[in-house]
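Me: I have a model open and a few questions about it. Can we go through them one at a time?

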Amino acid sequence: MPDQIALLYDDFCPFNEKELSYTCPENFNFMTISWFLNEDNENPNVGCDTELDFYALRDIKVGEELFVSYKEVNKNA
């Protein structure tokens, strides 16, 4: 595997140590926004609806990190 591809796996795919496998998108060229969201259950700036469409909960500044409540996402999934 080329080094650039291996880096994509390390950067974007959680590794399941029990199964010794990665959880990855089907195609790195079509990654959804959910792959770029970090968890903050107390102060998320991004929400999602029951269709898992994401939206801003408030104005988000350029360069600001995106946070979502994983509890909310899991409830809607």
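**Contacts, core and surface**

Reply: Setting aside residues up to four places away in sequence, serine 69 touches Asp40, Asn41, Pro44 and Val46 (contact means heavy atoms within 4.5 Å). This is a predicted model, where local features need pLDDT of at least 70 and side-chain atom pairs count only at pLDDT 80 or more, while totals for chains, interfaces and linings use all residues. Residues are numbered from 1 along each chain as its sequence is written, and side-chain values use heavy atoms, with hydrogens and water left out.

Me: Is serine 69 buried or exposed?

Reply: Serine 69 counts as buried because its relative accessibility is 9% (buried is under 20% relative accessible area, exposed over 50%, partly exposed in between, with a 1.4 Å probe and protein chains only). Its place is in the loop between β6 and α2 (helices are DSSP runs of H or I, at least four residues, and strands runs of E, at least two, numbered from the N terminus).

Me: Which residues make up the largest nonpolar core?

Reply: Five residues: Leu37, Val46, Cys48, Val68 and Val73. Such a core is a set of buried Ala, Val, Leu, Ile, Met, Phe, Trp, Tyr and Cys residues joined through side-chain atoms within 4.5 Å.

Me: What is valine 73 in contact with, leaving aside neighbours within four places in sequence?

Reply: Cys48, Leu52, Phe54 and Val68.

Me: New topic. Which element has the lowest mean pLDDT?

Reply: Helix α2 (residues 70–76), at 75, while strand β6 (residues 67–68) has the highest, 94. pLDDT is the predictor's confidence in each residue, from 0 to 100. The chain mean is 85, and 97% of residues reach 70 or more.
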